[in-house]
Amino acid sequence: MIGSGFVDPDATCGDDALARIVFGDASGRPCIENGVPTLRLDMRVSARDGFAEIWTSAGPIRSGSINDLVFAHNDEFLFCAGFIPPSDRYTGATRQAYGDAFALVRELKFPKIFRMWNFIAHINGANREGLEVYRDFCRGRAIAFERDYAHASGMPAATGIGTWGDGVGFYFLACRESAVRHIENSRQTPAYEYPQRYGPKPPSFARGTQLRDTLFVSGTASILGHETVHEGDLQKQCSVAIGNIAHLIGAENLEKPGLRGGYTLRDLDKIKVYYRHSADLPRVMKLAQAAFHPDASIRYLNVQICRADLLVEIEGIASHRHRSD
Ligand code: 3EB
């Protein structure tokens with residue numbers, strides 16, 4: 001199986017480490033450090049508040065790099081990270097980087113991507129043509145998915161969010177098995193079906209991806225159907241985002257794709273709460289702590305969010321670990 005945790009940014013990795021993502025105050029291309037693929041993201045968090053997300057899986061691990069991608073895998077799971085240099089147009093480079101990533105998963109025979117993250121600098125800024133950077137990125141990503149990714153596999157759970165660094169840092173996890181299910185939320189339009197008013201090509205991701213007993217929850221915001229709701233109201237946006245997660249992972253929503261049981265908010269862990277305005281932190285913390293299990297790991301990151309009217313976005317991982325209490 002595969003697991004993750006939030007640790008001290010300079011904690012040493014064990015030999016079961018597949019990857020390390022350092023959420024701190026520096027960014028750059030991913031590299032291999034002591035055999036472990038490492039991606040540094042500038043999230044404007046001080047040394048004291050910074051953390052590293054570590055992915056682990058048992059069994060002999062091999063790491064390497066190709067085409068500006070760094071990767072590590074054992075027999076079951078592949079981690080891969082990449083970087084798109086800063087530019088005033090992202091469509092082509094994103095298509096290329098994602099195309100390279102899809103070629104790698106085919107080559108190494110990990111065809112099922114089950115979770116992706118994208119950290120996009122100046123996400124609400126404009127590119128050379130006046131198109132929003134996020135929309136420019138989405139266009140390249142969508143073309144890569146259309147042309148270079150096995151159609152039947154579907155699009156995985158993802159996060160697309162701001163960063164204070166340069167360019168686009170991205171990372172993803174893939175596996176070999178077919179028991180991967182991408183899940184939509186009946187309260188939200190599938191992102192890949194958003195109308196054109198949100199950009200020339202829609203975002204390419206599923207609301208969640210189930211792998212065995214674990215449900216990876218995509219970045220989730222105050223969006224109902226395809227529309228942002230409660231512009232300017234932090235508390236209501238938090239409540240809709242959290243309500244969207246509760247609905248996504250609940251028994252009723254999972255019944256449609258034929259998954260039984262479901263989860264509650266108390267089953268959510270490894271939570272990241274992204275919030276737009278630094279002054280909102282105390283309120284965001286209070287709202288998140290009230291909603292999630294007291295033992296859940298939660299990290300708060302102050303960055304821009306892909307729609308200018310969104311104040312908060314939340315992701316996490318649901319499993320039955322907390323079921324007994
Ligand atoms: C949304 O629901 C909010 O572009 O990969 C959430 C998760 C969002 C992933 C992505 C964007 C992405 O549209 C934004």
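## Where the ligand sits

A cavity here is a set of grid points, taken over the protein atoms alone, where a 1.4 Å probe fits but cannot get out. A molecule sits in one if more than half of its atoms lie within 2 Å of those points. In this predicted model, the ligand sits in the largest cavity.

Two elements each give two or more residues to the shell around the ligand: α2 (133-148) and β10 (157-163). Of the elements, β10 gives the most, with three residues.

## The shell and its polar contacts

Let's look at who lines up around the ligand. The residues around it are Y134, R141, A158, T159, G160, Y194, F205, R207, G219, I223, C306 and E313. By class, the shell divides into six nonpolar, three polar and three charged residues.

G160 takes part through its backbone, with an N or O atom 3.3 Å from an oxygen atom of the ligand. Taken alone, the ligand exposes 360 Å², and the protein buries 100% of that.

Now to another part of the model. Strands β6 (residues 62-66) and β7 (residues 69-73) pair in the antiparallel sense over five bridges.

Conventions: Residues numbered from 1 in each chain as written. Predicted model: local features only at pLDDT ≥ 70, side-chain atom pairs only at ≥ 80, totals over all residues. Heavy atoms only, no water. Near = heavy atom within 4 Å. Polar contact = N/O pair within 3.5 Å; in protein donor to acceptor, adjacent residues only side chain to side chain. Areas by Shrake-Rupley, 256 points an atom, 1.4 Å probe, with all protein chains shown as cover. 1 Å grid on protein atoms, 1.4 Å probe; cavity = no way out; pocket = protein on both sides within 12 Å on 5 of 7 lines; lining within 4 Å. Helix = DSSP H or I, 4+ residues; strand = E, 2+ residues; numbered from the N terminus. Nonpolar A, V, L, I, M, F, W, Y, C, P; charged D, E, K, R; others polar. Pairing = 2+ DSSP bridges.
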